[in-house]
Amino acid sequence: MSNYEVVVPKLGESVIEATITRWLKNEGELIKEDDPIVEIATDKVDTEIPSLVSGTLLKKFFNEGDIVPVGAVLAIIEKDGSAVIVSEDKPAATRFYSPLVRSIATQENISFTELDSIPGTGKDDRLTKQDLLSYMKDRKTGIKPLALKFQASLPAIASKLAADAATVNIQQVIPGEDRIVEMDRIRQIIASHMVKSVQTSPHVTSFQEVDLTRVVQWRDKNKDAYLSREKEKLTFTPIFIEAIAKAVRDFPLVNVSVDGTKIIVHKNVNIGMAVSLPNFSLIVPVILNAHEKSLSGIVKSVNDLAKRARIGKLVPDEISGGTISLTNLGSFGTIMGTPIINQPQTAIIAVGAIKKRVVAVESPDGDYIAIRPIMMVSLTYDHRVIDGALGGQFLARLVQYLETFDNNQTI
């Protein structure tokens, strides 16, 4: 007898769970190698999980709409054709349970499904003995755990909300013209990640103005020819990404992530690019090795990823591995902003709308007043590892690269 476990694959370093959107095979159905078995979705990408073997689908452990962690066993496939009975209470490899916790759960007739619903306070949301004993005490007194889909990833929030719910009677006023709209799957996961990021990193934001005269001149000179030749628009975003990559190479300590008390300094500059979707959601495809690409290469990567992001054609590898991010607020007319860091990164750059303003210009022949295209740029950073001096120097270097942009180059 030989069985194959279908598991939720790793979908990016910041993705810890996915939603089952549709089962493509039923129990008892024959499956060929490479046949798609189930569709899953995260806040970043939708994908199918194929079978790596041929056989019969014996058991599915989750239903459509369930949220499951990375590494969970979704189903069992029998490879050799011999039947096998699969326990209804098989643990779905959702997280590690110590022998002591397992023993207590067995004695108290607590199933693995019930264990998975209990918030853990240990490392990586691990369920400790005290967590289980506290749960059992509440269980005997009739207090039910808070039914949150994100308990596994946000135990601290779940515990706090449960405590608040027990002590505070919140009266929600809903006037006659108001309506209640349930968050969709994407919005729930985004909300979870945003809260978790703020809880993880002390956010600090620094701002600078940048004179984009040379950048605007170059784009105005080249955009029509580029559109005619490539059938694609020449936007400002690739120019910003090129400047960020250069500034990161000068100040590599902003291109880091944190693992406990360790700082991981990333060798490659992989720049996440926030893309707004038609449903007002957000996805962040990644320009890998941006420091090694020419401006022309970055333009092609930006256009390709943005186009496929908006039609849902990205694959998991294209939304993972980012080391620093850029969000362009100016496309919506916003002048400046303080974005939330995309964990586990420690810095994110925001660029605002480009506005013509009257400014004082310094020159060797004296100062004068001129009308220039001015943009606000901000750096939001994790103050655990990036101090104001480093953040300020990085931001100043980024501005320098943009203001001294070579407007005679070709593309």
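Predicted model: local features only at pLDDT ≥ 70, side-chain atom pairs only at ≥ 80, totals over all residues.
Which residue stands opposite Lys59 in E8? Residues are numbered from 1 along each chain as its sequence is written, and side-chain values use heavy atoms, with hydrogens and water left out.

**First stop: the open sheet**

Select strand E6 (residues 55-60) together with strand E8 (residues 73-78), which pair in the antiparallel sense over four bridges, and you will find that the residue opposite Lys59 is Ile76 in E8. Strands, like helices, are DSSP runs numbered from the N terminus, with at least two residues (E) for a strand and at least four (H or I) for a helix, and two strands count as paired if DSSP finds at least two bridges between them. Now widen the selection to the open sheet of four strands, whose order is E1-E8-E6-E3, with antiparallel pairing. Strand E1 (3-7) and E3 stand at the edges with a single partner strand each, so one side of each is left without a neighbour in the sheet.

**Second stop: E2, E4 and E5**

Next select strand E2 (residues 17-23) and strand E4 (residues 36-41), which run antiparallel and are joined by four bridges; here Arg22 has Glu39 in E4 as its bridge partner. From E4, move on to strand E5 (residues 46-50), which is joined to E4 by five bridges and also runs antiparallel to E4, with Val38 standing opposite Ile49 in E5.

**Third stop: charged pairs**

Side chains of opposite charge can pair when their charged atoms come close. A salt bridge is counted where a side-chain nitrogen of Lys or Arg lies within 4 Å of a carboxyl oxygen of Asp or Glu, and by this rule there are twelve salt bridges. Show the side chains of Lys25 and Asp35, which meet in a salt bridge at 3.7 Å, N to O. Lys25 lies in the loop between E2 and strand E3 (30-31) and Asp35 in the loop between E3 and E4, so this pair ties together parts that are ten residues apart in sequence.

Then select Arg372 and Asp211, whose salt bridge has its closest N and O atoms 2.9 Å apart. Because Arg372 lies in strand E19 (residues 368-382) and Asp211 in strand E9 (residues 203-211), the pair ties together parts that are 161 residues apart in sequence. Both Arg372 and Asp211 are buried, where buried means under 20% relative accessible area, exposed over 50%, and partly exposed in between (1.4 Å probe, protein chains only).

Ser301 is buried, with a relative accessible area of 18%.

Finish at Lys129 in helix H3 (residues 129-140), which is partly exposed, with a relative accessible area of 43%. Not counting residues up to four places away in sequence, Lys129 touches Leu100, Val101 and Ile104, while the C-alpha atoms of Lys129 and Arg102, which are 27 residues apart along the chain, are separated by 9.6 Å.

Note on methods. Contact = heavy atoms within 4.5 Å.
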